[in-house]
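Please read it beside the sequence and the coordinates shown here.

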Amino acid sequence: MKHVTRRYTVLVAILVLVYADNLFAGSATWKSNPASADWNTATNWMPQTVPDGVSDIATFANSNTTMVSISATTQVSSILFNSGASPFTIAANGNITASLSLQISGAGITNNSGTEQNFVTTGDSSGHLGS
């Protein structure tokens, strides 16, 4: 019986170590030189994953791309602007086929940057709005 319990404990420990990195897999920092302005493109983030989950944190610092667009409905726990971060504008852009939203479900927005950060919603000529 001791051997079974010990093997089970070792197996659980190994699984925890293997999957520990996935607990916060979607949390990421916007790159200083991203490939595009699309929030929903993994290569724009470090590590290369899109913050889009109830426990994910999106962090912003200095970047040469500060107009960021949401191209799919996205949810994060919080958005953090680091000290000295660039002034960003984050937009949920509506279009004819969909209204897009950025949902913040946890701690909210923390702005340590010392500059104003902007969140906007836009629409198209048919009245479709982001939120």
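The structure is a predicted model. Its mean pLDDT is 82, and 69% of the residues reach 70 or more.

**Confidence**

- Over residues 10-24 the pLDDT is below 50, and this stretch has two contacts in the model beyond near neighbours in sequence.
- Where pLDDT is low, the predicted coordinates should not be read in detail.

- Strand β1 (residues 28-30) pairs with strand β3 (residues 57-60) in the parallel sense, over two bridges.
- Between β3 and β5 the pairing is also parallel, and four bridges are found there.
- The pairing of β5 with β7 is parallel and extends over seven bridges.

**Residues facing each other across the strands**

- Ala58 of β3 stands opposite Ala28, and Ala58 also stands opposite Ile79 in β5.
- Phe60 has Phe81 as its bridge partner in β5.
- On the β7 side, Leu80 has Thr110 as its bridge partner.

**Strand β5 and the setting of Val76**

- Six of the eight residues of β5 are buried, so this strand is largely enclosed by the rest of the structure.
- Val76 belongs to β5, which spans residues 74-81.
- Is Val76 buried or exposed? Val76 is buried, because its relative accessible area is 0% and the cut-off for burial is under 20%.
- Leaving aside neighbours within four places in sequence, Val76 is in contact with Trp39, with Pro51, Asp52, Gly53, Val54 and Asp56, and with Leu102, Gln103, Ile104, Ser105 and Gly106.
- One of these contacts is Gly53; the C-alpha atoms of Val76 and Gly53 are separated by 5.2 Å, although the two residues are 23 residues apart along the chain.

**Aromatic residues**

- The count of aromatic pairs comes to nine.
- In the pair of Trp39 and Phe60, the ring centres are 5.8 Å apart and the planes lie at 50 degrees, so the pair is tilted; planes under 30 degrees apart would count as stacked, and over 60 as edge-to-face.
- This pair links distant parts of the chain: Trp39 is in the loop between β1 and β2 (45-46), whereas Phe60 is in strand β3, and they are 21 residues apart.
- Both Trp39 and Phe60 are buried.
- One aromatic cluster is formed by Trp30, Trp39, Trp45, Phe60, Phe81, Phe88 and Phe119.
- Phe60 and Phe81 of this cluster are also bridge partners, with Phe81 in β5.
- Trp39, another member of the cluster, is among the contacts of Val76.

**A cis peptide bond**

- The peptide bond joining Met46 and Pro47 is cis, with omega of about -5 degrees.
- Pro47 is placed in the loop between β2 and β3.

Technical notes:
Residues are numbered from 1 along each chain as its sequence is written. This is a predicted model: local features need pLDDT of at least 70, side-chain atom pairs count only at pLDDT 80 or more; totals for chains, interfaces and linings use all residues. Side-chain values use heavy atoms; hydrogens and water are left out. Buried means under 20% relative accessible area, exposed over 50%, partly exposed in between (1.4 Å probe, protein chains only). Contact means heavy atoms within 4.5 Å. pLDDT is the predictor's confidence in each residue, from 0 to 100. Two strands pair if DSSP finds at least two bridges between them. Rings of Phe, Tyr and Trp (its six-membered ring) pair if their centres lie within 6.5 Å; planes under 30 degrees apart count as stacked, over 60 as edge-to-face and the rest as tilted.
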